[in-house]
Amino acid sequence: MTTIAVAETPLSLGLLRLADTALVHAHRLSEWCGHAPMLEEDLALANIALDLLGQARALYAYAAEVEDAGRTEDDLAYLRDAPQYRNLLMAELPKGDFAFTILRLLLLAARDQPFWKAASGSRDATLAAIAAKAEKEAAYHLRHAGEWVIRLGDGTVESGRRMREALAALWPYTGELFEADVADRALIEAGVLPDPADLRPRWEAAVNRVFAEAGLARPAECWMHSGGRSGRHTEHLGHLLAVMQHLQRAYPGATW
Amino acid sequence: MVTVTEHEHLLAAARAAAGRVVDPEIPALSITDLGVLRDVRLGADGVVEIDITPTYSGCPAMRLIAHEIEAVVEAAGLGRPRVKLVLAPAWTTDWITPAGREALRRSGIAPPAPGGGRRALFGADEAIICPHCGASDTEKLSEFGSTACKALWRCRSCGEPFDYFKCH
């Protein structure tokens, strides 16, 4: 089996972290296709997945260009194994029930929207162009997820219970959203990517507002999972990649 | 030697041919009307270069649109063009032409509210006019519709559901 690893510079690593999170999250959302609680939501989740997939494609294409090793966006998506993936752990967790899926979307979109908004002013012109499109999409995702979390959190006894369980399960993965290591610092200082510390107040305001309306108590500070952005993943990512990469693994080089 | 006038004729022909390509998901709408066709120019090597921009990042129609542009420009005797996907500036529904808005309405799709732009997390919904009967007493059924660029609405007056081209 051919497995590739990208030569990591701060920029290529930064792009892969964004692209991998978008792709893996898109895959989890696409698992609802044909299984969502109602037709409208089936369309919604598939459409959101498509937005994220589109963002991932643009980011992979740019990462391949930056690496300049003759690779394509498809090589990066289909030929890297789990330890080469740089996505946030939260994105790879199994889709769970609808409460879990929609709360995860809220937590990630509430970070994506201010992130892409700030990145649309990046000194890197390609990244700024990708960001300007992604920001509009993230704003729509945030709004959709927020409305659902409020309805379910403040809904029936059962929907409220499920939302509280989802929140307890997802909260320990929120720390990773605001991490910044040496590679991130280099990009922040070069004006390429925004500083996650600057995004945190906007994220806090968005999720706190939804939690207040949803009647959800914000979890206490706790120990946070970490590692996805450095290639240390949960056992779930390998299974996801086995499904997503199956065709290229079974028929190497197959084209559409 | 290619004169300035020949140059202009060639570009005008290429622009006309490419501009007639339609959105495969909304065949009533050309890529000119949709604002997806961004630029037509002549490269240094004399090859026609055409820029298109996606409506949404994941718009699955872009590849087909690029192929069709290549086919029609070549069929018009102008050679095989280079079609490039550009992301900046980001596409907005404000680029849909008045003719495009009318074509949408005739196909039963409510055009986006002009200049509506971004909405906040709890932003209020705009008033959307039913493309079937023209009534303004409409309601949103779902924020997402049959394609990435549309939402699903219903008219309380005539009772018909309809697609709304999301403001973006």
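**Ground rules**

I'm working from a predicted model, where local features need pLDDT of at least 70 and side-chain atom pairs count only at pLDDT 80 or more, while totals for chains, interfaces and linings use all residues. Residues are numbered from 1 along each chain as its sequence is written, and chains are lettered from A, with ligands numbered from 1, in the order in which they are written.

**Entry 1: chain B overall**

I started with the layout of chain B. I find 4 helices and 9 strands there, taking helices (H or I, at least four residues) and strands (E, at least two) as DSSP runs numbered from the N terminus. Along the sequence, the pattern reads α-β-β-α-β-β-α-β-α-β-β-β-β. The C-alpha trace of chain B spans about 65 × 30 × 25 Å along its principal axes.

Next came burial: 38% of the 168 residues of chain B count as buried. That label needs 20 or more other C-beta atoms within 10 Å of the residue's own; exposed is 12 or fewer, partly exposed is in between, and the C-beta atoms are placed from the backbone.

I also checked contacts, meaning C-beta atoms, placed from the backbone, within 7 Å. Of the contacts in chain B with a separation of 6 or more, 52% are between residues 24 or more positions apart.

**Entry 2: two domains in chain B**

Chain B is split into domain 1 (4-91) and domain 2 (94-165), with bounds from an automatic or database domain assignment. Their C-alpha centres are 27 Å apart.

I picked B:Val40, in strand β3 (residues 37-42) of chain B. Is B:Val40 buried or exposed? B:Val40 is buried, because 22 other C-beta atoms lie within 10 Å. Leaving out residues up to four places away in sequence, B:Val40 touches B:Leu11, B:Ala14, B:Arg15, B:Ala18, B:Val48 and B:Ile50. B:Ser157 is 117 residues from B:Val40 in sequence and 44 Å from it in space, C-alpha to C-alpha.

I then looked at B:Pro89, in the loop between β5 (82-85) and α4 (98-106) of chain B. The peptide bond to B:Pro89 from B:Ala88 is cis, with omega near -5 degrees.

**Entry 3: a sheet in chain B**

I traced an open sheet of 4 strands, ordered β6-β9-β8-β7 in chain B, with mixed pairing; strands pair if DSSP finds at least two bridges between them. The edges are β6 (109-110) and β7 (138-142) of chain B, each pairing on one side only. β6(B) runs parallel to β9 (residues 161-165) of chain B, joined by 2 bridges. One bridge partner I noted for B:Ala110 is B:Tyr164 in β9(B).

**Entry 4: two helices in chain A**

Helix α2 (residues 39-67) of chain A has 29 residues, so at 1.5 Å a residue it should span 42 Å; its end C-alpha atoms are 41 Å apart, which agrees. The expected span is 1.5 Å times one less than the number of residues.

After α2(A) comes A:Asp68, in the loop between α2 and α3 (73-78) of chain A. A:Asp68 has a positive phi of about 55 degrees although it is not a glycine. A:Asp68 counts as exposed because it has 9 C-beta neighbours inside 10 Å.

The buried residues of α9(A) include A:Leu199, A:Trp203 and A:Val210. The buried residues of α9(A) pack against α5 (98-119), α6 (125-153) and α7 (157-170) of chain A. A:Gly215 follows α9(A), with a positive phi near 70 degrees.

Conventions: Contact = placed C-beta atoms within 7 Å.
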